Amino acid sequence: MTSLFDSFHRQINYLRISVTDRCNLSCVYCSVDSVPHLPRSEILSYEEIRYVVRVAASMGINKVRITGGEPLLRSNLSELVWMLSQIEGIDDISLTSNGTLLSKHAVKLKEAGLKRVNVSLDTLKEDRFKRITGMDKLGEVLSGIKTAHLVGLRPLKINTVVLEGINDDELIDLARMSTSQGWHVRFIEFMPFRMTKAEALGTISAREIRERIRSLGKLEPYTGKAGNGPARYYRLPGARGTIGFISPVTEPFCHSCNRLRLTSDGQLRPCLQAEGEVNLKEPLRNGAGMDELRHLIQQAVTIKPERHHLTEGLALGGRPMCQIGG
Ligand code: SAM
C-alpha cells in the first residue's frame with residue numbers, strides 16, 4: 001500500500017469532496033450572499049470526481065468525506081457514493097450534511113455504501129434555528145437524524161458551532177443529548193469567516209465550552225470508536241454518546257492534519273485556511289492521464305502549509321466555505 005506524506009512528515013490519507021456550492025440553508029457563520037453560485041458547468045461531474053478519487057486512492061488516500069454546500073442537493077448523491085465505494089483502497093465514505101434532506105435519502109445512501117454521517121445542528125429551538133439558518137427546518141433535521149440512526153449510519157455525529165450570544169446558552173441542553181439520545185455531540189469553535197453575517201463575533205474557546213458543561217457531571221476522556229479526526233472526546237457518566245470538542249482557533253490541530261480538500265469546481269486545496277490550490281479541473285477536462293493527475297496531487301501535498309494562521313486573527317478570505325467544503 002502506497003502512502004502519501006507532506007513536507008512536514010504528516011501522512012495524508014483523507015480527502016474531503018465538496019460536490020456543490022449550493023445550500024438550502026444560509027447559516028450566519030457560513031453563508032456569503034455577495035458571492036454568486038458557480039455555474040453548473042464549473043462543477044465537477046460524478047465521473048470526474050471518481051477519476052480523481054481513483055488516482056488519489058492509488059497514492060494512499062483511503063478515506064473520503066462528501067460535503068458542500070449541502071451535498072444532498074446534488075441529484076442522485078447515492079450514485080456517487082456507490083461509485084466511490086467501488087474504488088480499490090477506499091474503505092471509509094462519510095457525509096457531512098445539514099440533515100434537512102436526510103430522511104428522504106438515508107436508506108439509499110446506506111445501501112450505496114455510505115458508512116456514517118455528521119449532521120450540523122446548532123440549536124434545539126425552532127425560532128433560533130430560523131435565526132441562525134434563515135429557514136424553518138428544525139423538524140426536518142431532527143427527523144433526518146432519527147432516520148439516519150435507524151438505518152445504521154453510525155456513529156452519527158452532531159456538529160454544533162458555538163456562537164457567542166446566539167446559541168451558547170444551549171450548550172448544556174445539547175450536551176445532555178449525549179445521554180438522553182446517545183448522540184455524539186461535537187462543539188466546534190467558531191471561525192470568523194470574512195463576508196459572513198457573523199464575521200464580527202468572537203470565538204468561545206473549547207476550554208470555556210468544556211467548563212460551561214461541567215455542571216452536568218465529570219467528563220471522562222473517551223478514546224473509543226467515536227473519533228479519528230481532530231475532535232477530543234469525553235463522556236458523561238452513564239452516557240451512550242460522547243461529547244467532542246474541535247478547537248481550530250485556540251488549539252489548532254495542524255500538526256496532525258491528514259487531509260486535502262477537493263472544491264466543487266475541481267481545485268485541490270491542501271489547507272482550509274490557506275489560499276493555495278492546484279487546478280485539477282482543467283487538466284481533467286483536457287484528458288489528463290493518471291500520471292499527470294498523480295503529479296498534480298503530489299504538488300498539492302507538497303505545498304500544504306505547516307499550519308494555518310487563524311490564531312493571528314486572520315480569517316478565511318477569498319472563497320466561501322460552501323465552495324471549499326467544510
Ligand atoms: N451543508 C453541510 C452541513 O451543514 O454540514 C456541509 C457543509 S458545512 C460548510 C460543514 C461544516 O462546516 C458545518 O458542520 C459547520 O460546522 C462548519 N462550519 C461552517 N462555517 C463555520 C465557521 N464559521 N466556524 C466553524 N465551523 C464552520
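**Exercise 1.** How do the residues of the shell around the ligand divide into nonpolar, polar and charged?

*Solution.* Start with the ground rules: this is a predicted model, where local features need pLDDT of at least 70, side-chain atom pairs count only at pLDDT 80 or more, and totals for chains, interfaces and linings use all residues. Residues are numbered from 1 along each chain as its sequence is written, and side-chain values use heavy atoms, leaving out hydrogens and water.

Now sort the shell: eight residues are nonpolar, nine polar and two charged. Here Ala, Val, Leu, Ile, Met, Phe, Trp, Tyr, Cys and Pro count as nonpolar, Asp, Glu, Lys and Arg as charged, and the others, Gly among them, as polar.

**Exercise 2.** Find which polar backbone atoms sit by nitrogen atoms of the ligand.

*Solution.* Look for polar contacts (pairs of N or O atoms within 3.5 Å). Step two: for Gly 69, the distance from a backbone N or O atom to a ligand nitrogen is 2.9 Å. Step three: at Tyr 29 it's 3.0 Å, again from a polar backbone atom.

**Exercise 3.** Is strand β1 mostly buried or exposed, and which strands does β1 join?

*Solution.* Strands are DSSP E runs of at least two residues, numbered from the N terminus. Next, five bridges join β1 to β2 (residues 63–67), running parallel, with Ile 17 opposite Ile 66. Finally, four bridges link β1 to β10 (residues 259–262), also parallel, where Arg 16 stands opposite Arg 261.

Note on methods: Polar contact = N/O pair within 3.5 Å; in protein donor to acceptor, adjacent residues only side chain to side chain. Pairing = 2+ DSSP bridges.
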